[in-house]
Amino acid sequence: MLPSLAHLALLGLSLLSPISASSPPIELRDPSPEPEASPSDPLHLFHPNPRSLAPEERHPHPHNLFHPHRALLRRSITTDPTTVSGTSFDFVIAGGGVAGLALAARLSEWSNVTVLVIEAGGDGEDVQQQIDIPGYSYLHSLTNSAYDWAYKTTTQTDNLNRVMNWPRGKGLGGSGAINGLFWCRGDSTEYDAWASLNPNGEQTWDWAEVTKYIKKAENFTEPPASVQSEMGMVLNASAHGSSGPIQAGFSQYIFSEVANWIPAWVNLGFTAHDLADGTTHGVMITPSTINSHNQTRSDSKAGYIDPMPPRSNLVILTGQQVTQVIFNGSTDASGNIIASGVKFQASSTAASYSVQANKEVILSGGTIGSAQILQLSGVGPSSLMSSLGITSKLDLPVGYNLQDHVSYSMYWNTPQGTYTWNNLSTSSTLQAEALSQYEANATGLWTYVNEAVGYPSMTDITGSSSAASTYASEVTSALASTVSNVTSWMSLPSNVATGLTAQYKLMAGWLTQNIGQLEIILTMLGNGGNQIGIQVALQHPWSRGTIFINSTNPFTQPAINPDYFGVGYDIDIMGYGSEFARTLAATSPLSTVMTSEYSPGTAYTGDTLANYTKQNCGTEYHPLGTCAMLPQASGGVVDTNLIVYGSSNLRVIDASIMPLHLSAHLMATSYGVAEKGADIIKSKYMATAVSTNSSSTTATPGKATDTSVTNANKAASSSSTLSTGAKIGIGVGAGVGAAVLLGALILFCCLRRKKNKKAPVEKGWYNPGPAATGEASGAYKEPAYAMSDLPAAPVAPYAHQRTLSASPSVATMATADLMTGTPMRSGSDYDMGGYARGGAASPYRDSGDWEEENRRGYSASPMGPGQGAPMGHGGQQQQRYHPVQIR
């Protein structure tokens with residue numbers, strides 16, 4: 001959930017001034033030979049007990065400016081597109097948000113694989129406080145800033161013709177860097193529904209699988225026992241992960257009024273339990289993405305990127321937007337088109353660049369961004385392509401199946417003297433004092449975020465099981481006509497309508513089950529005064545929307561139409577939810593602090609309440625489904641391997657693939673999707689025979705050799721305003737590239753004679769064939785080995801201190817390990833199945849001495865001793881570790 005824009009507007013709050021670009025640089029200390037600091041070391045960022053340090057020993061910046069690897073870490077993040085353009089990486093990821101950075105970290109664990117992330121927004125260094133301090137996300141939000149895409153919907157016909165704001169995070173960490181920090185997952189029945197909607201998929205996406213990967217990403221910390229007792233918390237540590245990169249914890253400061261939340265629900269007959277256990281029906285003080293050890297936000301950058309040792313095989317480019325996937329016109333043996341790379345640029349008037357993907361292009365741009373990139377690339381409804389003059393590459397229903405949570409808040413007056421967020425929001429003096437306290441010992445008001453939630457079922461909000469059954473019967477009897485109406489309103493393709501029918505049947509069944517139909521949130525931020533609010537959020541919308549480009553200009557916002565309240569059931573359920581909120585507020589002990597309804601007011605009922613809801617509602621910031629993981633016959637865009645149908649090596653890995661909505665915020669599930677997606681990719685490239693030759697290498701980017709990429713780059717260069725010197729440099733580079741290409745062709749011919757084997761088919765690699773040689777028996781086959789059948793992995797390499805251990809890279813795979821039990825050195829050579837197109841030459845070379853770096857405390861191999869990716873026939877030429885040179 002992102003903070004409410006209405007709240008911010010009413011409070012008249014403005015963003016903090018960003019750190020000045022002209023500020024003097026902070027002097028960095030030389031790397032220490034011993035990167036592990038002692039508990040008394042004031043420079044150790046993630047001190048096990050920051051409160052034990054004296055104020056003068058603490059640095060106010062939540063990220064350690066004196067990290068021994070910080071200089072090298074920063075060098076892997078660049079804003080200079082020329083350092084990337086015209087090069088080649090094994091994996092190119094579009095989007096550095098929640099899923100994108102998680103994928104980048106996991107894939108680059110194999111040190112001889114190169115990974116590039118291209119992110120449209122900044123790195124967050126200029127707004128660090130607004131990202132890291134939990135309470136700032138509400139009172140000093142980054143919405144409507146440079147870190148917000150600031151989308152708007154089309155006119156919402158069934159929501160009073162309103163045009164509504166749709167904030168989405170734009171920068172490293174994505175929406176996870178600017179949202180409300182909620183860490184929760186859906187009901188087991190909802191994830192099992194994903195699996196039932198994909199009955200013949202190669203991969204399983206049910207509760208057991210998804211929650212396993214959420215736990216893999218999670219590092220859960222319980223609050224002190226005294227806090228649990230005071231707030232009535234019921235926690236189940238076994239339902240959470242304990243060694244993942246993303247810290248899940250609780251606010252250090254919690255308003256005393258929150259202690260009334262759980263008892264009031266219990267008095268209404270609900271059960272207090274840990275909602276991560278597979279049942280969302282009930283009440284909880286839910287975790288947030290807060291590092292309990294220093295009370296900072298734990299987003300994908302802080303969790304997956306900042307703690308890692310130097311990796312020359314990972315480059316993150318910021319300030320550049322991926323505008324198109326490049327296809328080279330070739331296909332694999334099954335006729336699937338091959339993605340060669342991507343084009344990117346900073347703005348519509350800036351120079352355009354291109355980069356080659358040797359193995360895969362992965363879209364992690366989110367529900368809006370990924371759909372937009374696909375459509376701009378000719379992957380989408382053919383009618384849309386032809387209307388814009390775009391050559392259709394794949395006719396797929398990209399942009400349909402859009403689903404979003406819609407919500408609004410009701411407010412109650414409080415007794416005189418009640419302490420709420422209003423006290424902090426209206427006092428600059430108190431804000432300054434609270435900030436000093438936060439910087440001194442990571443405590444106080446700025447650590448607080450809303451965490452009190454509950455999920456009532458249809459039976460709960462209608463008042464009885466018979467009322468819920470009656471409503472469900474009416475919905476079921478009208479199901480066919482509802483599908484027909486939505487198909488007509490939204491011009492759904494027949495396969496999308498087929499998929500919608502299957503979804504509606506599941507949702508109709510949920511109306512009589514103990515599944516949360518609404519999320520009810522206690523908010524301590526009032527409606528411009530000292531009120532306490534209850535947010536009512538629809539969890540299973542019946543309305544379906546679309547996202548379609550309306551221009552070939554990638555910098556023109558697409559048409560976003562969530563079609564709020566297009567299906568009348570949605571406003572019905574919201575109405576029931578509003579009455580439930582009133583009942584809850586009138587229940588002891590909550591009634592002692594919520595004394596009288598402030599807005600909308602008790603006079604609002606029925607149609608007047610529905611109208612008020614529509615006037616004041618907005619997105620709960622949880623859009624999904626535009627690149628749905630469904631069978632093609634049901635309107636799917638990607639298969640269960642997350643590969644775009646009809647493509648060989650183009651994947652989508654983010655919330656857009658989720659086929660049906662959940663009774664939960666989407667952040668934890670998005671991490672789960674990314675973690676599982678990374679394992680799917682790793683299992684694919686592990687399916688090669690293991691060589692006995694072993695050497696420690698770290699791959700670096702090579703030169704682009706695919707003409708579809710190099711020609712795109714030349715075309716962009718010719719239309720740019722590059723200097724003559726720069727153009728000469730490009731010409732020289734092209735000459736060198738041609739020489740490298742000629743040499744590579746000669747080498748390829750030689751190796752071809754030696755191998756004398758059939759080349760593997762892209763999608764067929766999921767079925768490696770006899771002896772795991774990589775030979776394929778066709779696309780879309782069940783894998784020869786199931787991921788769940790492979791040996792269990794060792795402990796993941798993340799600890800509470802947020803430092804990487806020396807665990808082997810493959811050890812982070814949740815369900816798969818090497819197909820051999822023989823340990824190999826990290827960074828061992830391996831074969832990528834014969835699909836690599838990049839050359840060995842790389843512009844990312846330092847003159848630094850590897851041995852000197854190792855002596856001074858750098859990691860000789862990014863993951864330390866242990867296993868690297870599996871080695872294949874012949875291997876690659878040995879490369880030495882070279883930190884990335886970013887100008």
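Helices here are DSSP runs of H or I with at least four residues, strands are E runs of at least two, and both are numbered from the N terminus. I noted that this is a predicted model, in which local features need pLDDT of at least 70 and side-chain atom pairs count only at pLDDT 80 or more, while totals for chains, interfaces and linings use all residues. Residues are numbered from 1 along each chain as its sequence is written, and side-chain values use heavy atoms, with hydrogens and water left out.

Next I asked how far helix 6 (residues 188–197) is enclosed: seven of its 10 residues are buried, so the rest of the structure largely encloses this helix. Buried means under 20% relative accessible area, with a 1.4 Å probe and protein chains only. I listed the buried residues of helix 6 as S188, E190, Y191, A193, W194, A195 and L197. Their cover includes helix 7 (207–217), helix 18 (494–510) and helix 21, judged by contact, that is, heavy atoms within 4.5 Å.

I then followed helix 7 to K216, which is found in that helix. K216 is buried, at a relative accessible area of 9%, and its side chain makes a polar contact of 3.4 Å with the side chain of D679. A polar contact is a pair of N or O atoms within 3.5 Å; within protein, one must be able to donate a hydrogen and the other to accept it, and residues adjacent in sequence count only if both atoms are side-chain atoms.

A cavity is a set of points on a 1 Å grid over the protein atoms alone where a 1.4 Å probe fits but cannot get out, and lining residues have an atom within 4 Å of a point. The largest cavity has 40 lining residues, of which R168, G169, S175, G365 and G366 lie nearest its centre. Elements giving two or more residues to this lining include helix 3 (98–107), strand 12 (321–331) and helix 21 (667–686), but helix 11 gives the most, with seven.

Last, I checked the whole chain, which has 24 helices and 26 strands, and of whose 887 residues 62% count as buried.

Key:
Buried < 20%, exposed > 50% of the residue type's maximum accessible area, 1.4 Å probe, protein only. 1 Å grid on protein atoms, 1.4 Å probe; cavity = no way out; pocket = protein on both sides within 12 Å on 5 of 7 lines; lining within 4 Å.
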